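Thanks for making the time, everyone.

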Amino acid sequence: MARLPVLLIALFFFSAASVDRCRVEASFWDSTYFTWGTQHASVYNNGNDAQLVLDKISGSAFQTKSAYLFGTIEMLIKLVPGNSAGTVTAYYLSSTGPEHDEIDFEFLGNVSGQPYIIHTNIFTQGIGNREQQFYPWFDPTDNFHNYTIHWNPTEVVWYVDSIPIRVFRNYESQGVGYPNQQGMRVYSSLWNADDWATRGGLVKTDWSCAPFVAQFRNFQDRACKWYGPGSISQCAAETAENWYTSPAYGQLSNAQQGQMKWVRDNYMIYDYCKDTTRFNWNMPPECSKPQY
């Protein structure tokens with residue numbers, strides 16, 4: 001694996017400072033509730049930490065009480081250690097209904113000694129199939145790492161430890177769907193997906209390793225809350241309150257583009273825009289457009 005150059009380490013601290021502006025910490029008690037597997041899930045450390053548990057009986061999940069349209073959502077996550085094959089820890093934004101919008105992080109487990117896969121996807125008006133996957137350049141089970149979704153009227157950016165790994169730009173004017181009409185809640189879950197998660201389902205969950213535990217810390221929602229269709233114009237307005245509409249957040253800086261190139265050159269393992277067989281050379285239209 002490639003090593004992060006000294007220059008990019010400096011750029012990391014620069015971008016971390018810019019991403020962390022206006023930080024708002026939200027207690028899991030105040031901001032979320034468990035939706036299933038409540039017998040497995042728990043909140044502790046004065047509401048700053050939560051954990052989800054998966055065993056052969058059930059997984060578990062939580063979601064935010066509020067929905068959002070634009071802003072930044074971030075959380076520290078420590079993934080299931082050891083033999084996590086067959087398990088998926090999900091962390092994503094989603095609206096509801098058949099034409100829903102969705103912005104995904106999913107962490108696909110693996111057998112001990114093999115890397116997790118960071119799986120990303122985006123749905124617009126119910127249409128997905130925009131997967132990009134990465135190996136982490138660190139062990140995501142030995143400590144907490146920051147996973148951030150930044151979303152504004154111009155672009156969606158996925159960050160890992162303040163390093164951008166993916167961008168999806170708004171080309172709605174050119175016929176490409178973009179998630180800007182529906183409020184989305186934050187969801188997280190830990191569940192068994194051994195029919196597809198690890199090597200396409202060839203490796204099954206080893207239940208002798210259960211219970212599987214994923215930990216979450218310091219949920220932060222620096223985002224415009226959704227109160228219905230009237231929020232579409234309110235949250236997109238270029239005002240001081242809507243800090244994410246500032247030109248500084250309209251495109252990655254040269255430093256951030258350098259960081260992302262390093263990740264994509266060395267750790268990207270799948271890009272739907274390069275899968276000509278899957279799409280029979282009829283590639284999605286955004287694949288021919290610059291994303292950053």
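The structure holds two disulfides, where a disulfide is taken as a pair of cysteine sulfur atoms within 2.5 Å. Before I go further, please keep in mind that this is a predicted model, in which local features need pLDDT of at least 70 and side-chain atom pairs count only at pLDDT 80 or more, while totals for chains, interfaces and linings use all residues. Residues are numbered from 1 along each chain as its sequence is written, and side-chain values use heavy atoms, with hydrogens and water left out.

Cysteine 224 lies in strand 14 (residues 212-225) and cysteine 235 in helix 3 (residues 231-236), so the pair ties together parts that are eleven residues apart in sequence; helices (H or I, at least four residues) and strands (E, at least two) are DSSP runs, numbered from the N terminus. Cysteine 224 is buried at a relative accessible area of 10%, and cysteine 235 is buried at 0%, where buried means under 20% relative accessible area, exposed over 50%, and partly exposed in between, with a 1.4 Å probe and protein chains only.

The other link joins cysteine 273 to cysteine 287, S to S 2.0 Å, and with -80° about the S-S bond it is left-handed as well. This pair links distant parts of the chain, 14 residues apart, with cysteine 273 in the loop between strand 15 (268-271) and helix 5 (276-279), and cysteine 287 in the segment after helix 5. Cysteine 273, at 23% relative accessibility, counts as partly exposed, and so does cysteine 287, at 22%. If we number the bonded cysteines of the chain in sequence order, the pairing is 1-2, 3-4.

Let me move to the rings. How many aromatic pairs does the rule give? The count comes to 21, with rings of Phe, Tyr and Trp (its six-membered ring) pairing if their centres lie within 6.5 Å, and planes under 30 degrees apart counted as stacked, over 60 as edge-to-face and the rest as tilted. The rings of tryptophan 243 and tyrosine 244 have centres 5.7 Å apart and planes at 75°, so this pair is edge-to-face. Tryptophan 243 also forms an edge-to-face pair with tyrosine 249, at 5.0 Å centre to centre and 80° between the planes. Tryptophan 243 is buried at 15% relative accessibility, tyrosine 244 is buried at 2%, and tyrosine 249 is buried too. Elsewhere, ring pairs link Phe28, Phe34, Phe62, Phe216 and Phe219 into a cluster.

Finally, a word on asparagine 110, which the UniProt annotation "glycosylation site", from an unreviewed entry, covers; UniProt positions are given in the numbering used here, feature names are shortened, and annotations may be inferred rather than shown by experiment. Asparagine 110 is found in the loop between strand 7 (102-108) and strand 8 (117-123). Is this residue buried or exposed in the model? Asparagine 110 is buried, with a relative accessible area of 15%. Leaving aside neighbours within four places in sequence, asparagine 110 is in contact (heavy atoms within 4.5 Å) with Gly82, Asn83, Ser84, Ala85, Pro115 and Thr198.
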